[in-house]
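Visitor: I have not looked at this structure before. Please take me through it by question and answer.

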Amino acid sequence: MAKTLRTHDLISMKQAGEKIACLTSYDASFARLQEEAGVDVLLVGDSLGMVLQGATTTLQVNIYDMIYHTSMVSRVCQRPLIITDMPFMSYQSAAQALGNAGRLIAEGGAHMVKLEGGKPVLAAIEKIVANGIPVCGHLGLTPQSIHELGGYKVQGKTEESVKKMLNEAKMLEQAGIKALVFECIPSPVAKMITDELSIPTIGIGAGVDCDGQVLVAQDMLGMSQKQPVFCKDFLSGNDSILAAFKAYVTSVKDKSFPEKEHGFD
Ligand code: KIV
């Protein structure tokens with residue numbers, strides 16, 4: 001039986017310079033193929049609201065959806081570390097955050113939970129971590145704040161916002177997160193912050209210098225209505241979904257993905 005990757009394995013991979021390959025996963029059929037392809041981390045993302053449920057944002061996804069989809073993934077996987085998103089409005093107080101994180105672990109079978117944001121979510125993160133649940137942070141474009149951000153736009157483009165992101169990344173690390181997702185930020189900013197942290201960063205639209213990469217599986221299979229600019233269609237040129245997942249893992253590990261065109265300056 002394959003040994004499940006743990007948070008300390010991700011930190012060892014960062015230290016060894018081995019890139020972490022992560023994909024979103026929402027069900028057993030994809031999860032099985034992703035494990036077979038050697039994907040290290042499966043993210044049960046609340047992007048399932050857009051990808052599976054057909055919504056225009058992630059805001060209507062709830063804790064029951066996340067438990068349901070996580071359980072389908074965790075039931076069939078052995079080696080990958082499973083991270084599950086805490087959905088919108090499920091971590092407004094520290095006590096509520098702990099209760100919902102506990103459900104994702106106990107009922108869903110997740111190994112780690114992910115929360116979006118910086119300073120405002122520190123108390124929730126500290127409470128979850130203090131109770132033995134690993135946490136992943138998420139900075140940059142945080143889709144649960146879409147109405148405040150005013151659209152799906154690249155973040156960290158001003159000196160002030162970069163300073164804030166660096167400070168928040170350090171605060172999150174101090175609060176005990178074990179990994180950090182960067183979404184849609186300039187590649188040089190992602191590199192600078194990655195170099196400052198001892199925990200691994202996992203980027204999407206954040207350049208090749210993050211410690212790992214994540215894509216929405218349906219996007220990298222060319223199934224989305226509109227392919228994001230930071231994505232590549234790995235099914236094109238490969239004859240099966242399994243082959244596409246394998247090509248993605250190889251490209252992340254040998255740093256041929258993402259290329260410059262998949263990032264922002
Ligand atoms: O929900 C999701 O799939 C995510 C990734 C885009 C990082 O958070």
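Visitor: At what angle do helix H4 and helix H5 pack?
Guide: This is a predicted model. In it, helix H4 covers residues 63-74 and helix H5 covers residues 94-108. Their axes lie 8 Å apart, and the packing angle is about 30 degrees.

Visitor: Is the crossing of H4 and H5 left-handed or right-handed?
Guide: H4 brings Ile63, Tyr64, Met66, Ile67, Thr70, Ser71 and Ser74 to the contact, and H5 brings Asn100, Arg103, Leu104, Glu107 and Gly108. By class, these are five nonpolar, five polar and two charged residues. As for its hand, the crossing of H4 and H5 is right-handed.

Visitor: How many strands make up the closed barrel?
Guide: The strands follow the order S1-S2-S3-S4-S5-S6-S7-S8, and their pairing is parallel. From one strand to the next, the twist averages 25 degrees. The number of strands in the closed barrel is eight.

Visitor: Which strands does helix H8 lie across?
Guide: Helix H8 spans residues 159-175 and runs at about 175 degrees to S5. Strand S5 takes in 135-140, and strand S6 takes in 179-183. The strands that H8 lies across are S5 and S6.

Visitor: Are H6 and H8 roughly parallel or roughly antiparallel to each other?
Guide: The axes of helix H6 (residues 122-130) and H8 come within 9 Å and cross at roughly 25 degrees. Angles under 35 degrees count as roughly parallel. H6 and H8 are therefore roughly parallel.

Visitor: Which residues in H8 do Leu122, Ile125, Glu126 and Val129 in H6 meet?
Guide: The crossing of these two helices, H6 and H8, is right-handed. The contact of H6 with H8 has six nonpolar residues, no polar ones and one charged. On the H8 side, the residues met are Met171, Leu172 and Ala175.

Visitor: How many nonpolar residues does the contact of H2 with H11 have?
Guide: The crossing of H2 and H11 is right-handed. Phe30, Leu33, Gln34, Glu36 and Ala37 of H2 make the contact with Ile241, Leu242, Phe245, Lys246 and Val249 of H11. One residue of this contact is polar and two are charged, while the nonpolar ones number seven.

Visitor: Why does the pair of Phe234 and Tyr248 count as edge-to-face?
Guide: A search of the whole structure finds four aromatic pairs. In the pair of Phe234 and Tyr248, the ring centres are 5.4 Å apart. Planes over 60 degrees apart count as edge-to-face. The pair is edge-to-face because its planes stand at 85 degrees.

Visitor: How many residues apart in sequence are the parts that Phe234 and Tyr248 tie together?
Guide: Phe234 lies in the loop between helix H10 (217-220) and H11, and Tyr248 is in helix H11. The pair therefore ties together parts whose separation in sequence is 14 residues.

Visitor: Is the peptide bond from Phe257 to Pro258 cis or trans?
Guide: Pro258 lies in the segment after H11. Omega of the bond from Phe257 to Pro258 is near 0 degrees, and the bond is cis.

Visitor: What is phi of Met89 near?
Guide: Met89 has its place in the loop between strand S3 (81-85) and H5. Its phi is positive, in a residue other than glycine, and is near 70 degrees.

Key
Residues are numbered from 1 along each chain as its sequence is written. This is a predicted model: local features need pLDDT of at least 70, side-chain atom pairs count only at pLDDT 80 or more; totals for chains, interfaces and linings use all residues. Side-chain values use heavy atoms; hydrogens and water are left out. Axes are lines fitted to C-alpha atoms, for helices over the stretch in contact, and angles run from 0 to 180 degrees between N-to-C directions. Helices (H or I, at least four residues) and strands (E, at least two) are DSSP runs, numbered from the N terminus. A crossing is left-handed if the near helix is turned anticlockwise from the far one by less than a right angle, and right-handed if clockwise. Contact means heavy atoms within 4.5 Å. Ala, Val, Leu, Ile, Met, Phe, Trp, Tyr, Cys and Pro count as nonpolar, Asp, Glu, Lys and Arg as charged, and the others, Gly among them, as polar. Two strands pair if DSSP finds at least two bridges between them. Rings of Phe, Tyr and Trp (its six-membered ring) pair if their centres lie within 6.5 Å; planes under 30 degrees apart count as stacked, over 60 as edge-to-face and the rest as tilted. Angles under 35 degrees count as roughly parallel, over 145 as roughly antiparallel, 65 to 115 as roughly perpendicular and the rest as oblique.
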